[in-house]
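Visitor: I am new to this structure. Please show me how to read a few of its features.

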Amino acid sequence: VNQTLPDGSAEAVRAQQLEEWAEVARSWCGFDPENRPITDRLVQRADIRPGDTVVDLACGTGMPALIEAEMVGPTGHVLGLDLVPGMVEEARRQAASRSLSNVEFRVISDEGRLDLSEAFYDAATCKHGLMWMPNPPGAMAELCKALRPGGRVAVSSWAPPERHPLMSIVSELQLRLLGYRPMQPSTPVTFDSEGSLRSLLLEAGYLNVDSETMTIPVTLAASAEEFVEAELAEDTRAISAETAEQLRREAIEHVRAVNGDGSLVLDLAVLLSWGVNPG
Ligand SMILES: C[S@@+](CC[C@H](N)C(=O)[O-])C[C@H]1O[C@@H](n2cnc3c(N)ncnc32)[C@H](O)[C@@H]1O
């Protein structure tokens, strides 16, 4: 695990996440179709069954908690947890609009202190949540404690940015032409391989730990022009029109060249790991 907690404590990292995610809560893309295969694989790896009690950490606007609630049915129960009140409110709205009464959402303030019933849950999930947390080992230990012996955990993360050439290309151009990267990723933690996710689970005491990398083809935009325009719109406001135009032209060329055939399909790589609480 690469952990860079810049000049700050865990508290400072959480405060920053709170601010950043509050802004995107209403428009969060948890329900986008390209997210669905990840959700489906994660719940499959957690082996969610009818009647299960499940905890979903960093549930955002409700994925995968809402899918899990449908899977566990009326005899099961799902608890979704997130740091950001706006996310939790939206998740509650989503549950109500789906008439799901077996799912509950709660705001948490520290992933290392979840205050969950011990040895109670049949399964735990965390979809694309760990990389935003200052203390992923603490979160995994808390989930382990909450799982009954034999309870299953499954987690996921994006693969590191260098696995996504179309995404990194714009930021490389910005660095070259602007001298800095305006869109600094603000994840405090990155998992550089499925091995690093696996280690996280092993170190937290899980058994039968396994992992995989899945790829999801996503079409980023209708054209290279549209993609670059959307990516650079914000950042080129502060620079001269001439430089901005040069940046755009170069970016469009590069974007067209990434896949060789000019297509804007990006194979997003997702890391997954899962295991069992030995009790
Ligand atoms: C990439 S989103 C994933 C949300 C959801 N699981 C999904 O797949 O749509 C990351 C989520 O992590 C939450 N988050 C960030 N830091 C957190 C922390 N320390 N503890 C719990 N949740 C956190 C954010 O509020 C956000 O909802």
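Guide: Start with the rings. Rings of Phe, Tyr and Trp pair if their centres lie within 6.5 Å, and planes over 60 degrees apart count as edge-to-face. Keep in mind that this is a predicted model.

Visitor: How many aromatic pairs does this rule give?

Guide: The count is two aromatic pairs. One joins tryptophan 21 and tryptophan 132: the ring centres are 4.8 Å apart and the planes stand at 85°, so this pair is edge-to-face.

Visitor: Where in the chain do tryptophan 21 and tryptophan 132 lie?

Guide: In distant parts, 111 residues apart. Tryptophan 21 belongs to helix 1 (residues 10-24). Tryptophan 132 is in the loop between strand 5 (121-127) and helix 5 (136-146).

Visitor: What is the other pair?

Guide: Phenylalanine 120 with tyrosine 121, also edge-to-face. Their centres are 4.9 Å apart, with 85° between the planes.

Visitor: Is tryptophan 21 buried or exposed?

Guide: Use the cut-off: buried means under 20% relative accessible area, exposed over 50%, partly exposed in between. Tryptophan 21 has 15%, so it is buried. Tryptophan 132 has 23%, so it is partly exposed. Now the other pair. Tyrosine 121 is buried at 7%, while phenylalanine 120 is partly exposed at 42%.

Visitor: Which ring does the charged end of arginine 45 sit over?

Guide: The ring of tryptophan 274. The charged end is 4.1 Å from the ring centre.

Visitor: Where is asparagine 35?

Guide: In the loop between helix 1 and helix 2 (36-45). Its relative accessible area is 9%, so asparagine 35 is buried. The side chain of asparagine 35 makes a polar contact of 2.9 Å with the side chain of lysine 127. Asparagine 35 and valine 218 are 183 residues apart in sequence, but 9.8 Å apart in space, C-alpha to C-alpha.

Visitor: How many residues of helix 3 are buried?

Guide: First, the general idea. An α-helix has 3.6 residues a turn, so residues three or four places apart point the same way. Now the case here. Helix 3 (residues 65-72) is mostly covered, with six of its eight residues buried. These are Ala65, Leu66, Ile67, Glu68, Ala69 and Val72.

Visitor: What covers the buried residues of helix 3?

Guide: The cover includes helix 2, strand 2 (53-57), strand 3 (77-82), helix 4 (85-97), strand 4 (103-107) and strand 5.

Visitor: What comes just after helix 3?

Guide: Glycine 73, with a positive phi of about 70°.

Technical notes:
Residues are numbered from 1 along each chain as its sequence is written. This is a predicted model: local features need pLDDT of at least 70, side-chain atom pairs count only at pLDDT 80 or more; totals for chains, interfaces and linings use all residues. Side-chain values use heavy atoms; hydrogens and water are left out. Rings of Phe, Tyr and Trp (its six-membered ring) pair if their centres lie within 6.5 Å; planes under 30 degrees apart count as stacked, over 60 as edge-to-face and the rest as tilted. Helices (H or I, at least four residues) and strands (E, at least two) are DSSP runs, numbered from the N terminus. Buried means under 20% relative accessible area, exposed over 50%, partly exposed in between (1.4 Å probe, protein chains only). A charge sits over a ring if NZ of Lys or CZ of Arg is within 6 Å of the ring centre and within 35 degrees of the ring normal. A polar contact is a pair of N or O atoms within 3.5 Å; within protein, one must be able to donate a hydrogen and the other to accept it, and residues adjacent in sequence count only if both atoms are side-chain atoms. Contact means heavy atoms within 4.5 Å.
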